[in-house]
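Good morning, and thank you for making the time. I would like to take you through one structure, and I ask that you keep it in view as I speak.

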Amino acid sequence: MPRASATTLAILAAIVALAIPILAALELAQHQSLQSEMDRALSYATEIMVRSERTAAQIDDGIGMLVHTRNASGDGPCSAAQIALMREIALVSSYLQAIGYVSGDQMLCSSMGLHAGGLALGPVEQVTKGGTKVRNNVSMATSVSDSTFIVVQHGEYAAVIHKSLPIDVSTQEKDVSLATFTPGYREFRTARGPAKLEWIDAAQGREQATFFDGEYVVAVVQSAQFATGAVAAVPVAYLNQRVREFALVLVPIGLLAGIALVLVVRYLTKLQQSLPALIRTGVRKKEFFLGYQPLVDLQTREWVGAEALIRWRRSDGTLVRPDQFIPEAEENGMIQRITRHVLQLVAKDAPEILRRRPNFHIGINLSSADLHTPDTVKLLQELLRDAHAGPHNILIEATERGFMNTDAAREMVKDIRALGIDVAIDDFGTGYSSLSYLESFALDYLKIDKSFIDTIGTDAATSRVVLHIIQMAKSLNLKMIAEGVETEAQEKFLREHGVQYAQGWLFGKPMPVADLLRELAKAKSVQAA
Ligand code: G
Ligand code: G
Ligand code: MN
């Protein structure tokens, strides 16, 4: 994927990762606010209904007592004893202003006394299922003020209730609408603040209903015992205020969750871009290939072999050098995966190469981890089989560091050589090298590191070291391969001092297998001519 679109994608992912928790937080704030405003409306409505129920209970009790006493005594409805009882009932009933005797639409006597000529109540407006008659707007002119009352009548008796009493609850917010109604009637008995009759419709006679009509959060309740219902409605402004309060708490939490999510996404992306993951996908996507650098016989300059050097072209086109990933791969255990892949690549290329040069050998680099993995011998056997190669067609190059005088490595070299495959010590002189440990290994070749070849013909203090190395190799019966040969002077020097083989830009740089095959074909026709 091109870098730009990967970045765009990462930014988009981050925005989404941030936006989702914030949107969720806002959504949650809306939901929570609505819920809590509904709860508030419901508690107001319930409070009013409880007052209405108590009122209804006091009416029932009061009227019941008057009927009972009158029946027992046989007194007239407006006898002095009855009126005295009415006064006592009105006194002890906290929700009743008065209680009295009604005939037709006239209250003839009440706890206030005898009404000469009767007190006109006006027509009955509502009749409940239980037969209770309700007048909602009875005005009574007193010497104090003109007031409007609700008159609730059972049989021949009626109670007088002040209109504002049921809804006279203390609410902090004056804008909250409160109302009472008689179930079955599309009409409010009392109301404080704006109230809509549609709310009664929306409740559909249920004992309890809460909803938001776009302007108000509404609660409607109905008594299970008495013919009374109550409504409370909180204006949308309170809801919005509540949303802001919740959002103030929840959005920062959402933001934190979003940031955490972004970090997790970034961590996972990083993980995916870690070297082991990249190597695995690289192998799968065939991003690795081999460069072959020729190895010449210094006597004839003939190409007798080639070292396979791994190359990694990433999907974005960049070429990653082995010294950039081999050491890290060695550290995090991916090197064996790479070695296995190199062996597969060699097995694929070898038949063509060997068809042109049956005695050619291909140098394969093993790392120290490979030298400590018993599997390696089995893998090499499989290579010989898959490549249709003889053991003389393979040369193992084991870097000096890998030899670290361990018994396991020594055994492994022994096992490889037992297959008939030659083993070279690579980069000789650059690491931990001592004659005694080299003597303890049975080897075939010594590769003289480029740093020593570079000193040939110079005055460098180390320029004589290469002669010592040559001397040592000879005394150990090791054949020599000089690395990094770039000049004819170096070539001449090496040949004259008995170095058999050389590798370097003077002869050829690492090249794709197609180029190697073409060069081999050319050289053959030159030889044949
Ligand atoms: O030519 P080049 O720059 O690729 O070599 C860099 C280093 O990488 C050399 O030291 C060489 O030994 C090492 N190298 C190249 N290919 C392989 C390989 O397949 N396996 C291991 N272990 N090392 C390799
Ligand atoms: O495995 P080894 O360390 O032998 O790998 C050889 C390394 O040296 C590779 O990176 C290869 O490209 C590099 N190389 C081979 N011949 C020459 C040369 O003549 N000159 C220079 N500068 N590098 C060379
Ligand atoms: Mn090498």
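This is a predicted model: local features need pLDDT of at least 70, side-chain atom pairs count only at pLDDT 80 or more; totals for chains, interfaces and linings use all residues.

Residues are numbered from 1 along each chain as its sequence is written, chains are lettered from A and ligands numbered from 1 in the order in which they are written, and side-chain values use heavy atoms, with hydrogens and water left out.

Let us begin with ligand 1. Around it, with a heavy atom within 4 Å, are L309, I310, R311, R321, P322, I326, V342, N365 and S367. Helices and strands here are DSSP runs (H or I, at least four residues, for helices; E, at least two, for strands), numbered from the N terminus. In this shell, β14 and α6 (322-331) each supply at least two residues, and β14 gives the most, with three.

Which atoms make polar contacts, meaning pairs of N or O atoms within 3.5 Å? A polar side-chain atom of R311 is 2.6 Å from an oxygen atom of ligand 1. A polar backbone atom of I310 lies 3.0 Å from a nitrogen atom of the ligand, and a side-chain N or O atom of N365 is 3.3 Å from one of its oxygen atoms. On its own, ligand 1 has 500 Å² of accessible area (Shrake-Rupley method, 1.4 Å probe), and the protein covers 79% of that.

I turn now to ligand 2. It has 14 residues around it, of which Q293, D427, E483, E486 and W505 come nearest. A polar side-chain atom of E486 lies 2.5 Å from a nitrogen atom of ligand 2. Oxygen atoms of ligand 2 are also approached: one is 3.0 Å from a side-chain N or O atom of E307, and one is 3.3 Å from a polar side-chain atom of N365. Taken alone, ligand 2 exposes 520 Å², and the protein buries 75% of that. The elements giving two or more residues to its shell are β14 (303-313) and β18 (422-428).

Finally, the helix. Where is α4 kinked? The kink, of about 35°, is centred on A247, in a helix of residues 236-272; the bend is the angle between axes fitted to the seven residues ending at a residue and the seven starting there. An α-helix has 3.6 residues a turn, so residues three or four places apart point the same way.

Notes:
A polar contact is a pair of N or O atoms within 3.5 Å; within protein, one must be able to donate a hydrogen and the other to accept it, and residues adjacent in sequence count only if both atoms are side-chain atoms.
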